Amino acid sequence: MPTINLTGVFPPVPTPFGADESIDPAALQHNIRHLLHAPLRGVVVLGSNGEAPLVNDDDSVTMIEAAREAVPRDRVLIAGTGRESTRETIRFTRRAAEAGADAVLVRTPSFFKAQLTAAAFTRHYTDVAEQSPVPVLLYNYSALSGVTLHPEAVATLSTHPNITGMKESGTDEALIAAYGAHASSGFQLLAGTVTALHASVASGATGAILASAVVAPGPSIALFGLLTSGRVDEARALQQRLIALNKYVTATYGVAGLKIAQDLIGQRGGLPRLPLLPAPSQARAEIAAALAALEN
């Protein structure tokens, strides 16, 4: 299996919908081309910010195919393929590879929480990696899933030749450090939030998948560069401004807020898919102010 270099910053692009909630591939391509004017390593589609659980398999394939047309081959296209069963995860991972994904981001199953032990996760990801035509990234996001991928499982999985790395989207610095400490050499840890970017880099992260990079790619890349080169004091002020924006497009307003920010900068965000609701009326002004403060 070929290796893949994930060093750098990736935006987890939202899924654009039309007025009838259908997928809008042209809007996706517009947004990706807008983003790739910046020196991003690539893009992620069908992650949490891509509303992946709300998009069926056929629409997901449409998303990947459209993204592949917009992402040049010298950039990396990562697609989310996690499903609740191992069987369905393998099936869709194969479809994603056929549609053009360079690597897949596989979120943890989460419905049967009590039974999802380190052994269960190890078996799940091993089976997926064995059957995947492209490299696999583990994906832990405890705040959404309610489960945690155990560091012991990561230690075992990081030795698999087709498991290339992991995205950790939480802010638990002890857990992030444990992932970095347990992983084998060459395993690529990717930060999942600008809030924990410093801690992630300190724990060995060599890449990042950041919501802030969707609407502020330049500052997000700059911050990552400052931190990875050890210029922590210079990074602090920029990180605080990015965190101020990030809170509106993640924790406070979620995907709906991120899509407002897209609209404000010339991308095509639109509305989330139900049951997610539009952001409240004050969100637009708050997000606009955060974007202006970051630009200044």
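User: What's the strand order in the open sheet of eight strands?
Analyst: Heads-up: this is a predicted model, where local features need pLDDT of at least 70, side-chain atom pairs count only at pLDDT 80 or more, and totals for chains, interfaces and linings use all residues. Residues are numbered from 1 along each chain as its sequence is written, and side-chain values use heavy atoms, leaving out hydrogens and water. Strands (E, at least two residues) and helices (H or I, at least four) are DSSP runs numbered from the N terminus, and strands pair if DSSP finds at least two bridges between them. The pairing is parallel, and the order reads E1-E8-E7-E6-E5-E4-E3-E2.

User: Which strands stand at the edges?
Analyst: Look for a single partner strand, so that one side is left without a neighbour in the sheet. That picks out E1 (8–10) and E2 (42–45).

User: Which residue in E8 is the bridge partner of Phe10?
Analyst: E1 pairs with E8 (residues 207–209) in the parallel sense over three bridges. Phe10's partner in E8 is Ile209.

User: At what angle to E1 does H10 run?
Analyst: H10 (residues 217–228) lies across both E1 and E8; contact means heavy atoms within 4.5 Å. Its angle to E1 is about 150 degrees.

User: Which helix gives the most to the lining of the largest pocket?
Analyst: This pocket holds about 890 Å³ of space, and of its 42 lining residues the closest to the centre are Ser48, Asn49, Tyr139, Tyr141 and Leu144. On a 1 Å grid over the protein atoms alone, a pocket is an open set of points where a 1.4 Å probe fits, with protein on both sides within 12 Å along at least five of seven lines, and lining residues have an atom within 4 Å of a point. Points join across faces, edges and corners, and the volume is the space filled by probe spheres set on them. With E4, H5 and H12 each supplying at least two residues, the top contributor, at six residues, is H11.

User: What's omega for the cis peptide bond at Pro275?
Analyst: Pro275 sits in the loop between H12 and H13 (283–295). The bond joins Leu274 to Pro275, and omega is about 20 degrees.

Key. Axes are lines fitted to C-alpha atoms, for helices over the stretch in contact, and angles run from 0 to 180 degrees between N-to-C directions.
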